[in-house]
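Q: I'm new to this one. Can you put it up and walk me through it?

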Amino acid sequence: MPELPEVEGVVKSLQPIITGRKIVAVTTSDILKKSHDDGKEAIVKAMHPNLLAELLVGMTIARIERRSKYIYFYLHTEGEQYILVNHLGMSGAWFHVAALEQIPEAKFRKHAHVFLQLDDHHFLIYSDIRRFGELRLLKKIADYPPLLQLAPEPFEEEAKAFFLGVCQQPKYAKKAIKEVIMDSHAICGAGNIYATEALFAMKIHPGRKVSNLTEEQLAQLFDKIVDVLDESIAFGGSSISDYRNINGESGSMQNRLKMYGMKKCPMCHTNSQQILIANRNSYFCPNCQK
Ligand SMILES: [Zn+2]
């Protein structure tokens, strides 16, 4: 699943290409339409794909921002403003191409679901192999309240105090620390990969209860999470599973990971172990992480 650095990579690659472009036509896949006709909402949430397509035509993409693991496309048309909110889910990807055939990998061509034709004779295409991604057209962010409940961006001044405050709350104090790191109500942007890496760097067992960590340890852990996210952004994110940026490229942070997916601990060479935390497989070194 793309985490903050991967989503940042997508946004950074989109910004110079599609900012200021107008959407001149929109089509969606039959799979999405059928899903809505069957009472499900694959990818396009809270409105039928036909209505989404109708509303998007004529809108100009004013700017693109990342918030946590979401992409916000700010759109405007004749004085009206909308925000198209996208979560990439497990395998969502955007491509800017003159034709579908130009998407380099067959699996992304096969699972192309939303086609935005722009005024630059190109398409902005949303592909999603597993269809766990989301597209939601809002008039304002508050129209989808879960977005208001996200923790501050981890690079913002108040994020550390916010995280430490959340850790004090009784319902979080009794949780495993890794679960709290992956909870965007506590700190935004870290999923399984970067939570695993930050805990390994701090020599903290992923299953350790939050209440068993001192405020000093939690503060250092927060700083380490930010360091790991920063490092990954610098290396273009991790190319694990189906992450691609708009140019079909993926990053190289996977070569710098020390514990996620590793058979052995790189520090002491003990075999790594895995436990299930919040339904995610968690790698750790039983020797180094306590
Ligand atoms: Zn070790």
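A: First a term: contact means heavy atoms within 4.5 Å. Helices (H or I, at least four residues) and strands (E, at least two) are DSSP runs, numbered from the N terminus. This is a predicted model, where local features need pLDDT of at least 70, side-chain atom pairs count only at pLDDT 80 or more, and totals for chains, interfaces and linings use all residues. Residues are numbered from 1 along each chain as its sequence is written, and side-chain values use heavy atoms, with hydrogens and water left out.

Q: OK. Which strands does helix α3 lie across?
A: Helix α3, residues 49-56, lies across β3, β4 (80-87) and β8, and runs at about 55 degrees to β8. Axes here are lines fitted to C-alpha atoms, for helices over the stretch in contact, and angles run from 0 to 180 degrees between N-to-C directions.

Q: And α1, what does that lie across?
A: Helix α1 (residues 4-18) lies across β2 and β3, at about 160 degrees to β2.

Q: What's the strand order in that open sheet?
A: The order is β2-β3-β4-β8, four strands with antiparallel pairing. Two strands pair if DSSP finds at least two bridges between them.

Q: Why is one side of β2 and of β8 left without a neighbour in the sheet?
A: β2 (60-67) and β8 (134-138) stand at the edges with a single partner strand each, so one side of each has no neighbour there. From one strand to the next, the twist averages 20 degrees.

Q: How many bridges join β2 to β3?
A: Seven, and the two strands run antiparallel. As one of the partners, His-76 in β3 is bridged to Thr-60.

Q: Switching topic. What domains does the assignment give?
A: Domain 1 (4-149) and domain 2 (159-284); the bounds come from an automatic or database domain assignment. Their centres, taken over C-alpha atoms, are 28 Å apart.

Q: How many residues of each are in contact?
A: 24 residues of domain 1 touch 20 of domain 2. The area buried between them is about 1,800 Å², with 61% from carbon and sulfur atoms. Buried area is the accessible area (1.4 Å probe) that two parts lose on being put together, summed over both.
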